[in-house]
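I opened this model to look up its side-chain pairings. My entries follow in the order in which I made them.

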Amino acid sequence: MTTFRILPRLSKLVLLGAAATFCVTGAGVARAQPAKRALPVEDDSPPVPKATPFSPGTPPKAAIVGEPGGAKKPADSGKPKGPDDDLYDYASMLYERKEYGLAAESFGQYLQRYPSGSRVPMSLFRLGECYVNENQVGDAEKYFLEVVNRYPASEGAPSAAYRLGAIRFNGKNFDESARYFAFCEAKTPFPQIKLAAAYNKSRAYQMLGDRKKMMAALQSVAAVKQDNPYLESALLSLATALLGEDKKKEALGMFRDLIEASKDKLIVSDALVKAGVIEAENGKPDDALKHFEEALKLTETSVANRGLAFVGTVQALYAKGDHDGVIDVYNRNAAVLPPGDLRPKMLLLVGNAFRMKKMYSRAVEVYLMIEKDYKDSEQAFEAGYWKLYCFYLIGDKDLPEFARNFVSRYRKERGDHEFISLAQLILADAYFNKQEFKEAAVAFVDVRTNSLPERLRPEAMFNKGWAEAEAGRHQDAIGSFTRFITEYPKHEFISRALARRGLSNREVRDLAKAKEDFTRVVKEFPKSDAAELSWLQIGLIHTEKHETKEMIAAFESLVEKFPSSPAAAQAWYGIGSGRYDQKEFDKAVEALRKSVALDKKNFLDKASPRIVMAWYYKQDADGLAKAIDDYRDANANASIPPNVLTWLGFAFFNKSDFARSARFLTYATMDDAGVPTPAVWDYLARAWLELKKYNESKSAIDKLLQNPPDPGAKARALLTKGRALLGLANFGEGHAVAQEALQIVKDGKLQAQLMILEGDIFDAEGAAREKAGDRNAAMQKWKEAAGKFVMPSQMIVDPELTPEALFKAARALDRAGDTAQAEKLLKQLKAHYPSYVPPGY
């Protein structure tokens, strides 16, 4: 027999806590569930405990069940009451009046006096209740255990078990809590208590992680459709559990039912949020948005669920591609803070929305917020990359530094992540776009191509090869382009890769492989841009190998297929040079002129000398003169070979085109033409003489006289100089020059020319004297002139000089007044030279 002691009067303690919140994680999102309110009951029926939702992290106090149904006063059996009944009734009266301390003393007395009495189980239970109401739960627990263990079949046992289930739950002994709630559920005859026990049992199983038993308990509660205050809470919990098991279809049906049928706005708001999450995950953003927006409108929606609805709205709008909507919702709900780790996830979507709208500065602001406030999160890593990407898009001058910092920060822990390779790619691409190819080539080495998204790999590989080629790392470039060609044979850049590899092969002097690449391009991609380059390169390779015919054929293919090509000028130059080498001068000139017309800057000085030489080899003076003039007009410093200029000057002199003769011979005497030959000075002086440019003639002939090659040349030069002096009316020096020459020449045609020169000087002096009014002096000079003319007229027989001397002698005699002798000479002239016509007649 158990001995009971009388407990002292109970002191006032802090009341037990009631409901709290309960979170379930499903599909990666925490979902909050509201607490179920307690249902008031009549005094003569067992009170229903609160449905006690709880959080896995911090379980709340479980509610305490009230009076068992069997606590009613027993019907009068007709038997007289004994002292035990009186004591129990007295204790019960105190209990009902809530004088729990006095009631506890009376129940204790009952247990001491009547340990075998019929009211022992109920006295134990009510004694425990007194301690509960005075918040001395530890003491109360002992009496509830007595009821359950010693009197399991008693009316109070189910309620005592319920109390123990709550106490164990609040003490985090969830295994025993579930066992006592199960005991209550099985033993109680009251449906409401059975539902409460089953509902709280499900919570204990949840805390134990026993999802199967938890769901079984919830299903038993949900099966009761009538007079069930726990139905909606059970359905909400069950649907949440199904969501946690990824049974979205079943869960969504339950949430929809709750949304339509429940009058509890707190439950509706929770169901709306969770249904929205499922709709979003099912790819139905419009339906999700509808649920989230309705949840946000309800004032009953909890702070946590409001945050979830906010995040869900952002996610749904983003999934729809409504980036403007994302930004608008974010701006309108800036004060709403999503729970836990959902905030950086939501901010990441907002930043991405700004980025998609090309509002890069705003995007960077949001990304920086994530990096600052959630520095060790996955979202901070992603935000760091997208921030870098924004800097890349806006062309920030410090982009290389930003890229290196990002890689340095995350490479150790996340080296295999594609964002690291993408950051390396951004660094390389930044240098590439700035045409800093050496730096780009180095940066591309660190880009792990296989870690990049498939769509970026071909271009990354191609740009790597290009940067290496531009940086002069041609062997590396050949390797990169070979890999690209092998792995992506159908890529749109394949023709460019072949052509660029061909260029690198040419740079390393592997002309055979280079030609192979270029030939493949022109055969497989005949209309591509790369084909233009390839035809040009094929021509250049043949040029290097001195394969003229093949070179011409390649360049002609280029200008035929791509007449507007930037390389057309170079091709025409190649064609012209080849034709020139083959001595096909007409075709050479035509092609070379086209090269100059297309690109004067680069090909004027290359093509023009060959055009000039082609006309020279053709011995075409007019064509040559035009070629030289065109060249000199285009380039004042044009260099023409002296022998070409000399030949042309002589040719024009012989054609009596003294003006052009003088011009081209003058070119031949310029400093950059080398040292002119005596013949050049001779012809130039005589050309100037014919043009009556006496000073120029004298200046030219003096150059020859500085170093005459022989006495005969000197005498001829003196003749020319004398004629120039005559033209300048420098009679004295003219006579001296003629006399000097006659000291060298004693006979022949040159002597006759010198005598005629002397006669011309005297004749001119006579004219000058007459003009000055000295008729006598004039007549004397004419007589002297006649004497000089007569001598060659009688001494030499020359078809040009003899008639000239006769005519000039007759004219001088006539001027001197000797008309008879003049007539005699004219008759001799007419007899021997009947067709002679004096100059100017």
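**Salt bridges**

I began with Glu-544, which is partly exposed at a relative accessible area of 30% (buried is under 20%, exposed over 50%, partly exposed in between, with a 1.4 Å probe and protein chains only). Glu-544 forms a salt bridge with Arg-509, with 2.4 Å between the closest N and O atoms; the term means a side-chain nitrogen of Lys or Arg within 4 Å of a carboxyl oxygen of Asp or Glu. This pair links distant parts of the chain, 35 residues apart: Glu-544 is in helix H25 (residues 529-544), and Arg-509 is in the loop between helix H23 (494-507) and helix H24 (511-524). Helices here are DSSP runs (H or I) of at least four residues, numbered from the N terminus.

I noted the source next. The model is predicted, and local features need pLDDT of at least 70, side-chain atom pairs count only at pLDDT 80 or more, and totals for chains, interfaces and linings use all residues. Residues are numbered from 1 along each chain as its sequence is written, and side-chain values use heavy atoms, with hydrogens and water left out.

How many salt bridges does a search of the whole structure find? I got 56. I looked up Lys-201 and Glu-185, whose side chains meet at 2.6 Å, N to O. Lys-201 lies in helix H7 (residues 191-208) and Glu-185 in helix H6 (residues 174-187), so this bridge ties together parts 16 residues apart in sequence. Lys-201 is buried at 12% relative accessibility, and Glu-185 is buried at 16%.

Asp-286 and Lys-320 form another salt bridge, with the closest N and O atoms 2.8 Å apart. Asp-286 is in helix H12 (residues 285-297) and Lys-320 in the loop between helix H13 (303-319) and helix H14 (323-332), 34 residues apart. Asp-286 is partly exposed at 48%, and Lys-320 is partly exposed at 40%. I also found a network of salt bridges that links Glu-556, Arg-579, Glu-584 and Lys-587.

Asp-429 lies in helix H19 (residues 418-433). Leaving out residues up to four places away in sequence, Asp-429 touches Tyr-392 and Asn-463 (contact means heavy atoms within 4.5 Å).

**Rings**

I counted 41 aromatic pairs in the structure. Rings of Phe, Tyr and Trp (its six-membered ring) pair if their centres lie within 6.5 Å; planes under 30 degrees apart are stacked, over 60 edge-to-face, the rest tilted. Tyr-131 and Tyr-143 are stacked, at 5.9 Å centre to centre and 10 degrees between the planes. Tyr-131 is buried at 1%, and Tyr-143 is buried at 9%. Tyr-392, a contact of Asp-429, belongs to a cluster linked by ring pairs, whose members include Phe-381, Trp-386 and Phe-419.

**Cysteines**

I searched the whole structure for disulfides and found zero (the cut-off is a pair of cysteine sulfur atoms within 2.5 Å). Cys-184 is buried at 0%.

Note on methods:
Helices (H or I, at least four residues) and strands (E, at least two) are DSSP runs, numbered from the N terminus.
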